Amino acid sequence: MMQGPLALIAEVTHRCPLHCVYCSNPLELRRQQDELTTEMWARVFQQVTAMGALQLHLTGGEPLVRKDIVQLVAAGRAAGLYVNLITSGVGMTEQRLDELAHAGVEHIQISLQDSRAEEADWIAGTRAHTSKLSLAAMIRARKIALTLNIVVHRANLDRIEEMIALAEEIGTDRLEIAHVQYYGWALANREQLLPTRLQVERSLAAVESVRKRLKGRMQIDCVTPDYYARFPKACMGGWGRKVMLIDPAGQALPCHAAGVIPELSFENVNDHPLRWVWEESEAFQMFRGEAWMPEPCRSCDRRALDFGGCRCQALLLAGDAAKTDPVCELSPDHAAVLSPIEHAQETFPAPGAGPTTGEDFPQLVPLSPIAPGWQYRTNPSRN
Amino acid sequence: MTDLLRDARPTLAAGCRLDETAAGGPVLLMPERALRLNPPGLRILQLCDGKRTISEILLTLCTEFPVAEGAKLEEDTLAFLERLRTTRAIDLE
């Protein structure tokens with residue numbers, strides 16, 4: 001029998017009070033009226049547990065905009081899953097957090113845009129930094145695990161020590177330093193976000209020294225960002241191997257970005273059993289295993305380690321999802337990564353970096369584009 | 001080697017949970033991770049109750065897994081606890 005997914009990523013809504021310039025949601029967002037019902041999500045959680053899944057990641061958009069978020073947490077626990085909530089904290093109160101804790105949420109993940117409020121809010125396109133900090137304090141006062149995720153890019157990477165110091169002050173057990181990944185909204189803003197090699201090397205050295213000092217107190221995850229690595233990442237642990245993502249409308253995807261691959265059609269959990277979608281549907285079969293691989297992957301010893309890298313990146317940078325991830329130094333399309341890296345070097349410091357005074361703070365209406373040169377994430381249309 | 005103190009009392013950290021009835025066998029669920037447990041691993045985590053000291057846990061394991069060589073069992077257990085502490089799966093009280 002085929003191994004089922006170990007984790008389910010449930011994008012329960014695409015609505016969000018934040019407008020982060022590197023949002024991982026697709027450019028085409030799902031509308032509220034198309035969102036799955038509480039009952040349907042509960043059925044999905046039961047089905048994925050029956051397939052052997054252990055973990056549920058409730059995310060969005062901002063999952064707290066769902067009025068039934070407490071029921072969704074409870075449904076995840078009732079199905080037997082470990083429940084992680086990924087939130088900005090906007091819309092959280094002490095009482096709501098108590099309800100979520102009572103329903104069984106075990107881990108909350110907050111992503112910070114910066115160590116400094118003004119810069120963070122500029123990247124998020126709204127004032128959210130202080131609500132994130134107050135949520136972190138609320139979590140620390142309860143028996144819920146907290147992970148901070150700090151998203152880094154050329155405009156904040158040089159402040160990495162300051163960001164780690166903030167995490168230390170908050171007292172988190174886990175810190176993930178995550179480089180922006182260039183899909184969707186982030187790809188549209190890549191010129192402003194891509195760091196230089198020198199920035200990356202300095203930051204990795206800084207993390208290494210702090211990691212030693214904090215060993216046993218804070219676990220720090222930080223990897224060389226995609227574009228600067230010699231070989232590609234094992235995206236999602238391999239296509240259709242470990243993770244299944246369900247979007248707000250019930251479409252099942254092998255990853256956040258797979259919707260960009262034009263030759264794939266994705267099935268909906270309203271129409272098919274989850275097991276069939278995972279085991280049989282074309283979208284999950286397409287890049288599973290090694291049969292689809294081109295050279296240099298096909299004969300490469302690393303194919304069992306990185307699975308050829310990321311299919312979406314191959315599409316976005318090389319025009320074909322079935323090619324080797326251009327991040328790989330062995331890829332014939334590697335220039336598609338080298339040229340933005342060179343450009344990043346030539347244009348440093350950041351072009352169109354955020355303003356340093358409050359008066360240039362982006363206005364949220366109209367939502368996009370707000371500042372010249374930047375594409376802010378929008379919200380789903382209402383009709 | 002590990003610098004764990006023998007009189008420390010390990011307990012599961014917030015957000016870490018033993019699931020002994022998971023379909024694929026006993027597993028330690030934790031943020032972003034899950035650890036499949038063999039019988040000694042499961043037993044060690046059951047003993048991390050915040051009441052027993054590491055010395056007491058070692059003693060209990062010695063009686064329950066008598067086939068294992070004592071020094072090896074101790075070394076493996078301490079290495080396992082150290083790994084759990086580094087990944088923030090246990091707190092020491």
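Predicted model: local features only at pLDDT ≥ 70, side-chain atom pairs only at ≥ 80, totals over all residues.
Residues are numbered from 1 along each chain as its sequence is written, and chains are lettered from A and ligands numbered from 1 in the order in which they are written.

The secondary structure of chain A consists of 14 helices and nine strands, these being DSSP runs numbered from the N terminus, with helices (H or I) of at least four residues and strands (E) of at least two. The radius of gyration of chain A is 20 Å, close to the 21 Å given by the globule rule for 383 residues, so the chain is as compact as a globular protein of that length; the radius is taken over C-alpha atoms, and the rule is 2.2 Å times the number of residues to the power 0.38. Along the principal axes, the C-alpha atoms of chain A fill a box of roughly 55 × 50 × 50 Å. Of the 383 residues in chain A, 50% are buried, a residue being buried if 20 or more other C-beta atoms lie within 10 Å of its own, exposed if 12 or fewer, and partly exposed in between, with C-beta atoms placed from the backbone.

The strands of chain A include an open sheet of nine strands in the order 7-6-5-4-3-2-1-8-9, with mixed pairing, where two strands pair if DSSP finds at least two bridges between them. Strand 7 (219–222) and strand 9 (252–253) of chain A are the edge strands, each pairing on one side only. Strand 1 (residues 7–11) and strand 2 of chain A are parallel and share five bridges, and A:Ala7 has A:Gln55 as its bridge partner in strand 2. Five of the five residues of strand 2 (residues 55–59) of chain A are buried, so this strand is largely enclosed by the rest of the structure. In the loop between strand 2 and helix 2 (69–79) of chain A lies A:Gly61, which is joined to A:Gly60 by a cis peptide bond with omega of about 10°.

Elsewhere in the sheet, strand 5 (residues 145–152) and strand 6 (residues 174–179) of chain A run parallel and are joined by six bridges, with A:Val151 standing opposite A:Ala178 in strand 6. Helix 6 of chain A lies across these two strands and runs at about 165° to strand 5; axes are lines fitted to C-alpha atoms, for helices over the stretch in contact, and angles run from 0 to 180 degrees between N-to-C directions. Helix 6 (residues 160–170) of chain A also packs against helix 9 (residues 197–213) of chain A at an angle of about 35°, with the axes 10 Å apart. In this contact, A:Ile160, A:Glu161 and A:Ile164 of helix 6 meet A:Ser203, A:Ala206, A:Val207 and A:Val210 of helix 9. The residues of this helix contact comprise five nonpolar, one polar and one charged, where Ala, Val, Leu, Ile, Met, Phe, Trp, Tyr, Cys and Pro count as nonpolar, Asp, Glu, Lys and Arg as charged, and the others, Gly among them, as polar.

Between the chains, the contact takes 17 residues from chain A and 16 residues from chain B. On the side of chain B that touches chain A, strand 3 (27–30) and helix 3 (70–86) of chain B each supply at least two residues. A:Glu106, in the loop between helix 3 (94–103) and strand 4 (107–112) of chain A, is buried, with 25 other C-beta atoms within 10 Å. Leaving aside neighbours within four places in sequence, the contacts of A:Glu106 include A:Tyr82, A:Ile144, B:Gly15 and B:Arg17.

Conventions
Contact = placed C-beta atoms within 7 Å.
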